[in-house]
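Dear colleague,

Please find below the structure for your records. My notes on its features follow directly after it.

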Amino acid sequence: MAESTVTHRSNSAAQAPTRRSRVPKYESLYPHEAAWRDRQFFLESKGYMLRPRLRPGWTPSWHRTGKYAIFSEDAYWLPLRPSLVDATRMSDGKAVYIKRVCTGDQESTIAKMLYGEPLRRDGRNHSVPILDEFQDDQDESISYMVMPLLRLIYDPPFAAVGEIVDFADQILQGLVFMHEQGVAHRDCSAKNLMMDADAMYPRGFHPVRTRFLPNGVNIAFYTRRPRLLAGVKYYFVDYGISSHILPDQPRLALGLEGRDEEVPELSEIEPYDPFKVDIYTIGNVFRRNFYDKFSNVEFLRPIIDSMVQDDPARRPTAEEALAQWQSIRRNVSILHRVWRLRRREEPGLASIIRDIIYFYKSCLQLWRWLFNRQ
């Protein structure tokens, strides 16, 4: 998730862990971790508990257990995202994210509006759920939004053609819904599209070491369910630079912000249609993450070509893009959907071997899924 405008940037950010660090700093907290530790009692009073590492009085557990630090959950630091922390909802044990925002700012206002009543009941709504919101007890200019613990759309990687079809279904449907409410996201690149993968991970997953179970030690792969069989829901997140335009207002915006730097019309001088920026950005998600990587998703080409045209006036609206996509997807057979994604650079022999392995693994996963349902 992109950082909120309220993020208090620390001059000690350079001390944060990097891949070049020779010795991981297991033993003590980083400054951004200490800031959250100092708010633990307040968050607990609101019904949320931080991980052991971020609680007051924490000492490394491996000093007591004799285990190696890498086999201890509390050895894994909070990523350097000062406005975001993972937590557990104490009432039911649900894993959540807590995000610090400016009280009444644009991001929180739009997020709450899109997930408020009655919009949250609309099946087309793919805006990130806001489970709770509360104001800081020390600084009224700061508030906190509570959201589900989501995963990036490509973690784990897409494996089957049908997973991409389902993703396109949900994202285009959600885009239509969002635009109907007068909201242009303006930054809906892949990192701001996330998924609720709880159904894939029935035993949960660690918020930092996402390939592991919540204990941070055991690998989650062995209990993970296939994305197609489990079913996931995709969400738009982070409305930090979004625009909410009322029906009687011009559909125009200014600004160069956004992760996708290929959008041609972005400008601080010439106004542009932010809704058409969303169209281009989603088209680019399809192109960069799927079409450019895999050889058996050629059916995406027409919708991509339509959405990423340089002239915004020639791009479809969200509703038109969804209609075009629905026409395309009808021609993608069931057999095609269940088959694995083939990388464009795969040699012929390797591709055949991987097809055989995928068929075997798919049969095994299907058997396990059917067995667990009984």
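In this predicted model, I98 has V146 of strand 5 as its bridge partner. The two strands concerned, strand 3 (residues 95–102) and strand 5 (residues 142–148), run antiparallel to one another and are joined over seven bridges. As a general point, the strands of a sheet are paired through hydrogen bonds of the backbone, in either a parallel or an antiparallel manner.

Cis peptide bonds

The bond from E117 to P118 is cis, with omega near 0°. P118 is placed in the loop that runs between helix 4 and strand 4. A cis peptide bond also joins D155 and P156, with omega about 5°. Here the proline, P156, sits in the loop between strand 6 (151–152) and helix 5 (161–180).

Positive phi values

R186 is not a glycine, yet its phi is positive, near 75°. This residue is in the loop between strand 7 (183–184) and strand 8 (193–196). Is R186 buried or exposed? R186 has a relative accessible area of 11%, and it therefore counts as buried, the limit being under 20%.

D238, likewise a residue other than glycine, has a positive phi of about 65°. D238 lies in the loop between strand 9 (233–236) and strand 10 (243–244). Its relative accessibility is 7%, so D238 is classed as buried.

Surface patch

On the surface, Y68, I70 and F71 make up a nonpolar patch, and their accessible area together is about 360 Å². One of these residues, F71, is located in the loop between helix 3 (62–65) and strand 2 (84–89). F71 is described as partly exposed because its relative accessible area is 44%, which falls between the limits of 20% for buried and 50% for exposed.

With kind regards

Definitions and conventions: Residues are numbered from 1 along each chain as its sequence is written. This is a predicted model: local features need pLDDT of at least 70, side-chain atom pairs count only at pLDDT 80 or more; totals for chains, interfaces and linings use all residues. Side-chain values use heavy atoms; hydrogens and water are left out. Two strands pair if DSSP finds at least two bridges between them. Helices (H or I, at least four residues) and strands (E, at least two) are DSSP runs, numbered from the N terminus. Buried means under 20% relative accessible area, exposed over 50%, partly exposed in between (1.4 Å probe, protein chains only). Patches are made of residues with over 30% relative accessible area and no salt bridge: like charges are joined within 9 Å, nonpolar side chains (Val, Leu, Ile, Met, Phe, Trp, Tyr) within 5 Å. Accessible areas come from the Shrake-Rupley method with a 1.4 Å probe; for residues, only the protein chains shown count as cover. A salt bridge is a side-chain nitrogen of Lys or Arg within 4 Å of a carboxyl oxygen of Asp or Glu.
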